[in-house]
Number of protein chains: 2
Amino acid sequence: LVVSVVGLGLMGGSFALALKKVNPQYRITGYDSNREHIEVAVELGIIDSAIDFTACTNADVLILAVPVESCVSILASLAPINPNITIIDLGSTKEKISSACPVGLRKNLVAAHPMTGTEYSGPKAASANLYRDKTVVLCDLEKSGEEQVATAKKLFLQLDMNIVEMSSNVHDLHAAFISHLPHLISFSIANTVLGQEDTKNILMLAAGGFKDMSRLAKSSPAMWRDIFIQNRQNLLECIGFFKEELEKFEIAIDSSDETALSKLMESANGLHNIFK
Amino acid sequence: LVVSVVGLGLMGGSFALALKKVNPQYRITGYDSNREHIEVAVELGIIDSAIDFTACTNADVLILAVPVESCVSILASLAPINPNITIIDLGSTKEKISSACPVGLRKNLVAAHPMTGTEYSGPKAASANLYRDKTVVLCDLEKSGEEQVATAKKLFLQLDMNIVEMSSNVHDLHAAFISHLPHLISFSIANTVLGQEDTKNILMLAAGGFKDMSRLAKSSPAMWRDIFIQNRQNLLECIGFFKEELEKFEIAIDSSDETALSKLMESANGLHNIFK
C-alpha cells in the first residue's frame with residue numbers, strides 16, 4: 001500500500017508514524033507546502049520519501065492533514081486522479097469539506113475527524129501514539145464509495161481507534177461544543193491575563209488549574225482560524241450558550257446568592273457522573 | 001511541635017501528611033466538623049489523634065484548612081488561646097480573613113495561600129506531595145508577629161515550597177485572574193454541555209482538550225461558593241475583562257475576519273513565551 005500524506009504537521013506526521021509502526025511494509029510518501037517541514041519529516045523518518053504535490057494522487061491512499069480551508073481548495077484542484085484512490089481528510093470541521101468536494105471525487109473521499117491532538121504543531125510534534133485508543137468520527141459515509149470506506153476503516157482500526165459515524169452537520173455542532181468552544185475560551189483566558197499590567201506577577205501564582213485552562217492557547221492560529229470560520233454558525237450558537245452560563249454565575253456572584261452559586265456548581269459537578 | 005489541623009480535607013489532610021513526612025517527631029492532631037472525615041483521617045494515618053474543636057488552641061501551630069467563610073467565623077470564635085500560638089490559614093482569599101481577624105489574635109495569624117490543589121476534596125484526596133515545589137503566598141506579614149512569621153516560613157520551607165509575599169488585596173486580585181476565574185469558566189463550560197439535549201453524544205467526542213477545560217468543574221461547591229462571594233468585587237472585574245476578550249473572538253468570527261482572528265490567537269500564543 002502506498003500512502004501519501006499531504007501536510008506533515010502534528011496530525012499528518014503522527015498518522016505517517018503510526019501507520020509505519022503497525023505495518024512497516026506500507027510505503028509512506030509526503031508533501032508539505034512548508035519546505036522545512038518536508039526536510040524535518042525526512043530526517044525524522046516520518047516519511048519514506050518526499051514527493052511533489054502533483055504526485056500525491058498516484059497513491060492508494062491520500063491523507064489530507066492541512067488546515068480545513070486548504071483542504072477544500074486541494075480537493076477542488078486534484079486532477080487527474082487514480083480512480084480507486086481513497087482520500088481521507090483529517091479536518092476538525094466536516095460539513096463544508098464533505099459538501100464542497102467535487103462530485104467526481106466525492107466517492108473517493110472519506111471525511112474523518114480524529115478526536116485527538118496536542119497544543120503543539122509541526123512535524124517535530126508528531127508521535128506514533130497520537131491516535132491510539134482515540135475516537136475517530138467518520139461523516140456522511142453514504143457519500144463515500146464502499147471500497148474507500150473499507151480502506152479507511154481498516155487503517156483507523158489498525159491504529160487502534162474507535163470509529164463513530166454521524167452526519168457532518170451533527171458532527172460540526174458537537175465538535176463546536178466539545179472542541180472549538182474550549183479552544184476559543186482558552187485563547188480568551190490567555191488574552192485576559194496578557195491584557196493586565198501585572199501579567200508577570202499574576203502568572204507567578206499560576207498552578208495546575210491555570211496551566212490546564214490555558215494549554216490550548218498554544219494552538220496553531222493558522223489551523224484554528226479556518227476552523228472557527230468554517231464552523232461559524234455553530235460556534236456563535238455555542239458562545240451564546242456559554243455566555244448565558246457564565247452570566248448565571250455573574251448574577252449570583254453580584255448578588256452574593258449562596259444558594260444559586262451552590263446549585264450552579266452542583267450541576268457542573270454532575271458532568272463527571274456521565275463523563276469519566 | 002504540636003500541630004493541630006482544623007479541616008481534614010484535601011488541603012488540611014495533605015498538610016498533615018506532608019509535615020509528618022518531613023518530621024515524624026511533629027505531633028499532629030486534627031478536627032473536622034464532618035465526623036466521617038475525622039474517622040477517615042485517623043484510619044489513613046493523616047493525623048496522630050482526633051481532638052475536640054476547643055482543644056485546637058492548645059497546639060503550637062494551628063492550621064485552618066476550611067472554606068474561607070468558616071475561617072472568618074472560626075477566628076472570631078477562638079478564645080482563650082495559647083498566646084504564642086501560630087495560626088496559619090490556607091484559604092484562597094486573603095483580604096477578608098486578614099482584616100476580619102480579631103485584633104487580639106491578629107499577630108498570631110499568618111495569612112497564607114498555597115497555590116496548589118486538585119479537583120478532588122476530602123481526606124481520601126490528601127497527598128503528602130501536594131505542596132512540594134509549589135508557591136505559597138503570605139499576605140500582610142507586617143500584621144503578624146515575628147515569631148509567628150518565622151514559624152510559618154520554617155514549615156513552608158520544610159515542605160519545599162517557594163514563598164512569595166504580597167498584600168492581601170493584591171493577592172485577591174491576582175488570584176481572581178489566575179485561579180478563581182478559571183474555576184468559574186470551567187464550571188460554566190460543564191453547564192454549557194450539560195444544558196444540551198445531546199449531552200451524551202457530545203461527550204462521546206471529548207478528548208484531552210475538553211478534559212482539561214472541564215477538570216476544575218469537579219471542584220467542591222462549598223469551598224468555591226465562599227471564595228466567589230468573598231472575592232466578589234475582583235471576580236466581577238475579571239469576568240468583565242474575560243467577556244471582552246471572548247467578544248473580540250465573537251465579533252471576528254461573526255464577520256469571518258481572518259486577520260483579526262489570527263491576531264487574537266497569535267497574541268494568546270504569546271502567553272507561553274512568559275509562562276512555561
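Ser144(A) touches Arg106(A), Lys107(A), Leu109(A), Val110(A) and Val149(A), leaving aside residues up to four places away in sequence; contact here means heavy atoms within 4.5 Å. The model is predicted, so local features need pLDDT of at least 70 and side-chain atom pairs count only at pLDDT 80 or more, while totals for chains, interfaces and linings use all residues. Residues are numbered from 1 along each chain as its sequence is written, chains are lettered from A and ligands numbered from 1 in the order in which they are written, and side-chain values use heavy atoms, with hydrogens and water left out.

Ser144(A) sits in the loop between β7 (135-139) and α6 (146-158) of chain A. Helices (H or I, at least four residues) and strands (E, at least two) are DSSP runs, numbered from the N terminus. With a relative accessibility of 11%, Ser144(A) counts as buried; buried means under 20% relative accessible area, exposed over 50%, and partly exposed in between (1.4 Å probe, protein chains only). The side chain of Ser144(A) also reaches the backbone oxygen of Leu109(A) at 2.6 Å.

We can turn next to the meeting of the two chains. Chain B and chain A each bring 83 residues to the contact. Together they bury about 8000 Å², 74% of it on carbon and sulfur atoms; buried area is the accessible area (1.4 Å probe) that two parts lose on being put together, summed over both. Across this interface there are 26 residue pairs in polar contact, both residues being at pLDDT 80 or more. A polar contact is a pair of N or O atoms within 3.5 Å; within protein, one must be able to donate a hydrogen and the other to accept it, and residues adjacent in sequence count only if both atoms are side-chain atoms. On the side of chain B that touches chain A, α7(B) gives the most, with 18 residues.

Charged side chains come next. A salt bridge is a side-chain nitrogen of Lys or Arg within 4 Å of a carboxyl oxygen of Asp or Glu. By this rule there are 27 salt bridges over all chains, and nine are found across the interface of chain B and chain A. Glu250(A) and Lys243(B) meet in one salt bridge, at 2.8 Å from N to O. Glu258(A) and Arg225(B) form another, at 4.0 Å from N to O. Because Glu258(A) lies in helix α12 (residues 258-269) of chain A and Arg225(B) in helix α10 (residues 221-230) of chain B, this pair joins two chains. Glu258(A) is partly exposed, at 42% relative accessible area. Arg225(B) also forms a salt bridge with Asp226(B), the closest N and O atoms being 3.5 Å apart, and Asp226(B) is buried, at 5%. Glu119(A), Arg215(A), Lys218(A) and Asp212(B) are linked in a network of salt bridges.

Within chain B, Asp160(B) forms a salt bridge with Arg132(B), with the closest N and O atoms 3.9 Å apart. Asp160(B) is in the loop between α6 and β8 (162-166), and Arg132(B) in the loop between β6 (109-114) and β7 (135-139), so that the pair links parts of chain B that are 28 residues apart. The structure holds 19 aromatic pairs over all chains; rings of Phe, Tyr and Trp (its six-membered ring) pair if their centres lie within 6.5 Å, and planes under 30 degrees apart count as stacked, over 60 as edge-to-face and the rest as tilted. The rings of Phe15(B) and Phe156(B) are edge-to-face because their planes stand at 80°, with the centres 5.9 Å apart. Phe15(B) in helix α1 (residues 10-22) and Phe156(B) in helix α6 (residues 146-158) of chain B are 141 residues apart, and both are buried. Phe187(A), Trp224(A), Phe228(A) and Phe249(B) form one aromatic cluster.

Lastly, a search of the whole structure finds zero disulfides over all chains, a disulfide being a pair of cysteine sulfur atoms within 2.5 Å. For Cys56(B), the nearest cysteine sulfur is that of Cys71(B), 11 Å away.
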